[in-house]
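Subject: Model handed over, with notes

Hello,

Please find the model below, with the sequence. My notes follow it.

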Amino acid sequence: MSIGKRIGITLEMIKWEHSVFALPFALTGALLAAHGLPSLRILAWIVVAMVSARSAAMAFNRWADAKLDAANPRTQTRAIPAGLLTPGFVLTFTLIMIGVFLLAAGELNRLTLLLAPAVLVVLLGYSYMKRVTRWTHLVLGLALGIAPSAAWIAVRGSLDWRITLLTAVVMCWVAGFDILYACQDMEHDRGVGLYSVPQALGLEAAFWVARFLHLAAVALLCWFAVLFHFGFAGWAGVAAVAMLLLYEHLLVSPRDLRRLNAAFFTMNGVIAMVFLAFVAADLWLRR
């Protein structure tokens, strides 16, 4: 198989297009830090850092979980269990993406480079959390939630505690929808000894935990909007996020998971992009 085809399979395996989940929140952090549009150079390196970090995390996850994926009927067609890619190739791709991420961090500023190893610990460490704790979903949430705070540091070279509220928002949001997504593997996880909220508490309770986390995300987002003095457009973005999260929960229930992929992939991408658009509009209107 040609190297080009293997790279194509790798990109499909890691669902690189799902960078849309965290990238808009990173760009939101960058816009707020700059009170508008940062320099194109900073913006470009933020995008490179985000995409490479996520690619490294996803590829490492597929490498670390190869045996688990092979034992799960839902995931046994993934590239490594199906024999489309070797573990060595995927690990090499991971290391290259880590190198690109470190390069981008170094091009941004000294603090981003110093913090980059800690970010990698969270991003790569997530892959092993399901082996030790039911709250693995919060670690995934933190992995994506780092994005806006990291982007703020990339622009300012320092951290403002207010932006960490957006990190908390993303952490609760991601953890909530990851709990919903894990519902489809509840029985399998129980059988092989993996941990998750659905595995530990059952479907009904898992849905309530996800609802609570999404409610907490909206509450924190309101606090965030107050601290950053959002205008009409910004508050409209907060309202839009709340309504989209509500719609997401209307798509699925403990008794009907058929539309889970629509709730997980489509709606969450929309939520991230919608919030970025409203914040950008709010900043433009207040110039």
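Leu 123 touches Ala 53, Ala 57 and Ala 143, leaving out residues up to four places away in sequence; contact here means heavy atoms within 4.5 Å. Leu 123 is located in helix α6, and helices are DSSP runs of H or I with at least four residues, numbered from the N terminus. With a relative accessibility of 9%, Leu 123 counts as buried; buried means under 20% relative accessible area, exposed over 50%, and partly exposed in between, with a 1.4 Å probe and protein chains only. Ala 57 is 66 residues from Leu 123 along the chain, and their C-alpha atoms are separated by 5.4 Å.

Before the rest, two remarks on the source. This is a predicted model, in which local features need pLDDT of at least 70 and side-chain atom pairs count only at pLDDT 80 or more, while totals for chains, interfaces and linings use all residues. Residues are numbered from 1 along each chain as its sequence is written, and side-chain values use heavy atoms, with hydrogens and water left out.

Helix pairs

Helix α6 (residues 110–125) also packs with helix α5 (residues 87–108): their axes come within 8 Å and cross at roughly 150°. Axes are lines fitted to C-alpha atoms, for helices over the stretch in contact, and the angles run from 0 to 180 degrees between N-to-C directions. The crossing of α5 and α6 is right-handed; that term applies if the near helix is turned clockwise from the far one by less than a right angle, and left-handed applies if anticlockwise. On the α5 side the contact involves Ile 98, Phe 101, Leu 102, Ala 105, Gly 106 and Leu 108, and on the α6 side Thr 112, Leu 113, Ala 116, Val 119, Leu 120 and Leu 124. Sorted by class, the contact of α5 with α6 has 10 nonpolar, two polar and no charged residues. Ala, Val, Leu, Ile, Met, Phe, Trp, Tyr, Cys and Pro count as nonpolar, Asp, Glu, Lys and Arg as charged, and the others, Gly among them, as polar.

A second pair is helix α2 (residues 23–34) with helix α7 (residues 136–156), whose axes are 7 Å apart and at an angle of about 35°. The crossing of α2 and α7 is right-handed. From α2 the contact takes Phe 25, Ala 26, Gly 29, Ala 30, Leu 32, Ala 33 and Ala 34, and from α7 it takes Ala 147, Pro 148, Ala 151, Trp 152, Val 155 and Arg 156. The residues in the contact of α2 with α7 comprise 11 nonpolar, one polar and one charged.

Helix α1

Which residues of helix α1 (residues 3–13) are buried? They are Ile 9, Thr 10 and Met 13. These residues cover an arc of only 105° around the axis, which puts them on the same side of α1; the arc is that of the directions from the helix axis to the C-beta atoms. Among the elements that cover the buried residues of α1 are α3 (40–64) and α5.

Core and helix α8

The largest nonpolar core has 94 residues, of which Leu 32, Trp 173, Phe 224, Phe 230 and Phe 275 touch the most other members. Such a core is a set of buried Ala, Val, Leu, Ile, Met, Phe, Trp, Tyr and Cys residues joined through side-chain atoms within 4.5 Å. Helix α8 (residues 164–182) supplies the largest share of this core, 12 residues. Beyond its neighbours within four places in sequence, Trp 173 is in contact with Phe 21, Phe 25, His 214, Ala 217, Leu 245, Asn 268, Ile 271 and Ala 272.

Ala 175 is also found in helix α8 and counts as buried, at 0% relative accessibility. Apart from neighbours within four places in sequence, Ala 175 is in contact with His 137, Leu 138, Gly 141 and Leu 213.

Positive phi

Most residues other than glycine have a negative phi. His 35, in the loop between α2 and α3, has a positive phi near 55° and is exposed, with a relative accessible area of 61%. His 229, in the loop between α11 (203–227) and α12 (232–251), likewise has a positive phi, near 55°, and is exposed at 59%. Lys 15, which follows α1, has a positive phi near 50°.

Regards

Methods:
Helices (H or I, at least four residues) and strands (E, at least two) are DSSP runs, numbered from the N terminus.
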